[in-house]
Amino acid sequence: MAQLRALRRVASVLTTPLAPEDFLRLVNPLASTRQLRGLVTQVVPETADSATIRFRPGKGWNAHEAGQWARIGVEIDGIRQWRSYSLSAPAGADPAITVTAIGHVSTALVRNTKPGDVLFLDVPQGDFVLPRHPRPLLMLTAGSGLTPVMSMIRTLIPRRPDADVVLIHSSRTRADALFHDELLELADQFPGLTVKHWFTREEQGRRLDLTDFADLETLCPDWQARAAYACGPAEFLDAATALWEGGAHDGESNLTIERFAPVLLPGAGGEGGRVTFEKSDKEIEVDGDVPLLEAGEECGVVMPSGCRMGICRSCLTPLVAGRVRDLRTGEVHGDEGELIQTCVNAAAGPVHLDI
Ligand SMILES: Cc1cc2nc3c(=O)[nH]c(=O)nc-3n(C[C@H](O)[C@H](O)[C@H](O)COP(=O)(O)OP(=O)(O)OC[C@H]3O[C@@H](n4cnc5c(N)ncnc54)[C@H](O)[C@@H]3O)c2cc1C
Ligand code: FES
């Protein structure tokens, strides 16, 4: 601490007109009192479209629980963009995210990140975590939905001889399957893990059918006796939810799910309108199903955001005038000064936002 104070004193003498903070950042890129950061230590390609990015977080980071996620910020063309990523590293290890390139930010992360880069961070959060007491588990994942479950498996399997986990993972092909070889090695080494890969474009040649029990019964005959966790695309999770809710198991529903995108009411968008971003002096005409967050980004407004699915509230922006529609429920609302979750609300007529 005394050393840091001394370095600050030297920095303040040496760095005019730079602030001491700027100089310290050159010495230690994680030094910032304003924004939590992480230094990228390794980038490991996983498949043709995905990579694991390991980073060393700065002061202020909380150790993650297996299955949690964090907001990650990255500068793209001078604009800081935020997205959420599950932490794929085991609990207790330095964090890592495994990103699949599907859009603007994920593609930049997968293709351009290199060791030494600095990421902006928010602390881990989320309640898609392992049960407090040991139980037989069924993990049902598809595509990039494997990432939080991989953290759980890496945490649980090597440490708990009594673990009993069945993983059913669906991907298009073997080459697309995240962590394919590591999972098979873990299953070979530890009797507590059984891995069933399902390839929709190879061996099985069709989607895993969750509209009835047949596929599950074949892959994991005692599936109803297990606490189940599912993560994957929306339709995969919708089908799993319906199967479990439909009384396909005894007793209360024992399915926990994690979504990467919001559940929107089909056809929730109505009349759109002109959205005015007052402080940014920008405006745009949008349809009624376009979230205000995307409308702002479309016309170059630096919009705060995080999960982009209505859970983290990082996107709250004051309404100056107008009405908005919640795309999850269809409800139209809006009082002057109300904080609007721009990621899940759209214009319902002309809207003015205080940003
Ligand atoms: C809690 C949480 C955890 C997440 N964990 C991961 C993770 O571990 N790895 C990862 O790659 N992504 C993860 N995501 C998704 C991630 O936050 C971004 O949404 C994703 O990278 C797309 O961002 P983009 O800017 O590249 O795409 P955009 O240009 O923003 O648009 C992509 C579109 O695809 C939708 N979308 C988001 N995720 C998926 C998906 N997996 N499959 C299909 N469509 C999707 C978005 O809703 C959006 O409409 C997670 C999201 C949440 C909320
Ligand atoms: S970005 Fe998380 S609630 Fe809107």
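Entry 1: I started with strands β12 (residues 270-277) and β13 (residues 282-288), which run antiparallel and are joined by six bridges. For my own record, helices (H or I, at least four residues) and strands (E, at least two) are DSSP runs, numbered from the N terminus. I count two strands as paired if DSSP finds at least two bridges between them. Phe277 has Lys282 of β13 as its bridge partner. Four residues lie between the strands of this hairpin, and Asp281 takes a positive phi near 55 degrees there.

**Entry 2: ground rules.** A note to keep me honest: this is a predicted model, where local features need pLDDT of at least 70 and side-chain atom pairs count only at pLDDT 80 or more, while totals for chains, interfaces and linings use all residues. Residues are numbered from 1 along each chain as its sequence is written, chains are lettered from A and ligands numbered from 1 in the order in which they are written, and side-chain values use heavy atoms, with hydrogens and water left out.

**Entry 3: the antiparallel sheet.** Next I traced an open sheet of six strands, in the order β4-β3-β6-β1-β2-β5, with antiparallel pairing. Its edge strands are β4 (79-86) and β5 (96-100), each pairing on one side only. On average, neighbouring strands here are turned by 40 degrees against each other, direction ignored. For such angles, axes are lines fitted to C-alpha atoms, for helices over the stretch in contact, and the angles run from 0 to 180 degrees between N-to-C directions.

I then looked at β3 (residues 69-76), which runs antiparallel to β4 and is joined to it by eight bridges. Ile76 finds its bridge partner in Ile79 of β4. Helix α3 (residues 104-112) packs on this sheet and touches β2 (50-57), β3, β4, β5 and β6 (118-121), at about 85 degrees to the direction of β4. Contact means heavy atoms within 4.5 Å.

**Entry 4: the parallel sheet.** I moved on to five strands that form an open sheet with parallel pairing, in the order β9-β8-β7-β10-β11. β9 (193-199) and β11 (255-258) stand at the edges with a single partner strand each, so one side of each is left without a neighbour in the sheet. The twist averages 15 degrees from one strand to the next.

Five bridges join β7 (residues 137-142) to β10 (residues 227-231), the two running parallel. Met139 has Tyr229 of β10 as its bridge partner. I found helix α4 (residues 146-156) lying across β7, β8 (165-171), β9 and β10, at about 145 degrees to β7. Helix α5 (residues 180-189) also packs on the sheet, touching β8 and β9, and its direction makes about 145 degrees with that of β9.
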